[in-house]
Each structure stands twice: as C-alpha cells, then as structure tokens.
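Here is a short note on aromatic rings for your first look at this model. Please read the points in order.

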Amino acid sequence: MKKLILATGNPGKLQEIAEYLTDLDIDLQLKPESLEIEETGTTFEENAELKATQIALATGEWSIADDSGLEVTALGGAPGLYSARYGRTDRERIERLTRELGDDPDRSARFVCVIAIARPDGSIALSATGICPGEILTGPRGSGGFGYDPIFYVPEYGLTFAEMSPDLKRRISHRGRAFENLLPELQDL
C-alpha cells in the first residue's frame, strides 16, 4: 500500500477524496497539523502544485493537493481563488455573491478544481483539471452540500449541487471530473 499525504488538515476533505481513491491501494493521510502552506499562487493550478510540493518536501512522502473555486462570468471570474474567503460563513459568501451579481442577466458560472500529485522530492508527477459549468440562481435551493452549492445550478440535470444526491454530485462535480481525468494516470504511477 502506497502512502499519500493529503495537503489539508480537514478530515471531511480526507473522507471526500478517499471516496475517489477506493479502487487504489493507497493509504491516504492528513498532513501533519504543524505544517501550514500559504497559498500564494495566482491560479488554481499554481496553488494545488504549491501545496502538493511543500507537503511532499516536508514529509518525504507522495502528496496530493487540490485547489478549487467558483468563477462567475459577470463578475470577471470572481470569487475565483478567493471563493472560500468571500465571507466568513457560507451564508455570507452566498449573500455577497448574489448581491454583487444583482440582476445581471448573465448568470453563467463554473466550478474549477485542479488536483496535483507530488513525488517525495517535491516534483509534480501528475495534475488534472475538472470543470463543471452552471449558473448562479437568485436564491438558494436544496439542503445538501456546502459552500455555494445551494445557488450553483447545473442545467444539464435541472438541480443545484445542494439538491443532488451525494453520488451524483461526486460524479459530475468539478472535483469528480478532475479525478476522472487523474485516475487513469494515477493507476499507472
């Protein structure tokens, strides 16, 4: 079994990522609590690679990291890299986003996720991007998920992320699509 260090201290994220890796012989572990990585990149890819590289170098183990966020067309791609810091709570983030978007007729948006895997020497072995296009609703719908899920509507399914079953969201989300692109290559590593 190969050890893979996840560049987060969040047990919820560990569980979510582990679900994508169930068919692989991987022991996924959280990064040591003492390691903090400042996200100084200007793109999702730079941040994912930065986190994976720094955790690999610090632990001497293979490392996996992701960076993701919501890009709203009418807001010039905002909140983007700052999606998690767009407010203190999910409710504040949603309120700010819908307030700034106002009644703009262009409600198009997309969730983006980049996953990077680094070797123990810190070099990047793999990276993959997943994108889920959608639209921003004027108000929340659904009770599942977290973050922007209640206002992120996927027309192809006629549901917000918050209305989807966990299995459907896992399959079609930006993270699910990134793992779909990554897994065939990861199996060959």
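Is Phe161 buried or exposed? Phe161 is buried, with a relative accessible area of 1%. Buried means under 20% relative accessible area, exposed means over 50%, and partly exposed lies in between (1.4 Å probe, protein chains only).

1. Basis. This is a predicted model: local features need pLDDT of at least 70, side-chain atom pairs count only at pLDDT 80 or more, and totals for chains, interfaces and linings use all residues. Residues are numbered from 1 along each chain as its sequence is written, and side-chain values use heavy atoms, with hydrogens and water left out.

2. Ring pairs. The structure holds 4 aromatic pairs. Rings of Phe, Tyr and Trp (its six-membered ring) pair if their centres lie within 6.5 Å; planes under 30 degrees apart count as stacked, over 60 as edge-to-face and the rest as tilted.

3. Tyr20 and Phe179. Their ring centres are 4.6 Å apart and their planes are at 10°, so this pair is stacked. Tyr20 is in helix α1 (residues 11-20) and Phe179 in helix α5 (residues 174-188), 159 residues apart. Helices (H or I, at least four residues) and strands (E, at least two) are DSSP runs, numbered from the N terminus. Tyr20 is buried at 12% relative accessible area. Phe179 is buried too, at 0%.

4. Phe111 and Phe161. The centres of these rings lie 5.6 Å apart with planes at 10°, so the pair is stacked. Phe111 belongs to strand β4 (residues 108-118), and Phe161 to the loop between β7 (159-160) and α4 (166-172). Phe111 is buried, at 7%. Ring pairs also link Phe111, Phe152 and Phe161 into a cluster.
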